[in-house]
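Trainee: I have not seen this structure before. Please take me through it one question at a time.

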Amino acid sequence: MKPSLRTSLSAVSTLALAASGLLFASGSASAATSCYASSCTGLDPASTICQNDARTVAYTAPDGDAELRYSPTCRAAWARAIGGGRVPAIIQVENNQGASYTVMNYGTGTVYTRMVNDKDIQARASFHFNNNSQYGYSNWY
């Protein structure tokens, strides 16, 4: 084989390996799922892009044991409790079309519910403690 042909084949092989490495690298970087409104219902916010622009829009009254998180990009909402608070407690998100998800808060870290649709409808967070004898709701958002 001529040196110039061997060099060309080697360069092509190197470029092919580099391109395949970029392809595999970009696949793992985009692991987060995209969803919008009703397609987000029931999804884990941590596995979606919704967590990227989420903000807390309401707290449960009277003590803020849970918060309502909202993603403007996804038009979805979920409830979250951070750390302690009154435990064990049920943390819930619901929308005004009847979708709801709950999670137990045992005070060992951050917990959050699955998401509900919040496009052109409203959602709220709640906590329920002491066999539902104590509870609180956020404002609808």
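Trainee: Is glutamate 67 buried or exposed?
Mentor: The relative accessible area of glutamate 67 is 8%. Buried stands for under 20%, exposed for over 50% and partly exposed for what lies in between, with a 1.4 Å probe and protein chains only. Glutamate 67 therefore counts as buried.

Trainee: What kind of model is this?
Mentor: Residues are numbered from 1 along each chain as its sequence is written, and side-chain values use heavy atoms, with hydrogens and water left out. Local features need pLDDT of at least 70, side-chain atom pairs count only at pLDDT 80 or more, and totals for chains, interfaces and linings use all residues, since the model is predicted.

Trainee: How many helices and strands are there in the protein?
Mentor: Helices (H or I, at least four residues) and strands (E, at least two) are DSSP runs numbered from the N terminus. From that end, the order is α-β-β-β-β-β-β-β-β-β. The count is one helix and nine strands.

Trainee: Which residue forms a salt bridge with arginine 80?
Mentor: A salt bridge needs a side-chain nitrogen of Lys or Arg within 4 Å of a carboxyl oxygen of Asp or Glu. For arginine 80 the closest N and O atoms are 2.4 Å apart, and the partner is glutamate 67. Arginine 80 is in strand β3 and its partner in strand β2, so parts 13 residues apart in sequence are tied together by arginine 80 and glutamate 67.

Trainee: How many salt bridges does this rule give?
Mentor: One of them is between lysine 119 and aspartate 120, at 2.8 Å from N to O. Lysine 119 is partly exposed at 30% relative accessible area, while aspartate 120 is exposed at 60%. By the rule, the count is six.

Trainee: Where is arginine 86 placed, and which residues form a network of salt bridges with it?
Mentor: Arginine 86 sits in the loop between β3 and β4, and is partly exposed at a relative accessible area of 24%. Its side chain meets that of aspartate 65 in a salt bridge of 2.7 Å, N to O. Aspartate 65 lies in the loop between β1 and β2, so the pair ties together parts 21 residues apart in sequence. The residues linked with arginine 86 in the network are Asp63 and Asp65.

Trainee: How far apart in space are arginine 86 and phenylalanine 129?
Mentor: Phe129 is among the residues that arginine 86 touches, not counting residues up to four places away in sequence; contact means heavy atoms within 4.5 Å. The two are 43 residues apart in sequence. In space, C-alpha to C-alpha, the separation is 6.9 Å.

Trainee: Which cysteine is joined to cysteine 50 by a disulfide?
Mentor: A disulfide is a pair of cysteine sulfur atoms within 2.5 Å, and here the S to S distance is 2.2 Å. The torsion about the S-S bond is about -100°, so this disulfide is left-handed. Cysteine 50 is in the loop between α1 (3-29) and β1 (55-59), and 24 residues away, in the loop between β2 (67-71) and β3, is its partner. That partner is cysteine 74.

Trainee: What is the handedness of the disulfide of cysteine 35 and cysteine 40?
Mentor: The sulfur atoms of cysteine 35 and cysteine 40 are 2.1 Å apart, and both residues are buried. The torsion about their S-S bond is about 105°, so the disulfide is right-handed.

Trainee: What share of the protein's residues count as buried?
Mentor: In soluble globular proteins, nonpolar side chains tend to be buried together. The protein here has 141 residues. The share that counts as buried is 33%.
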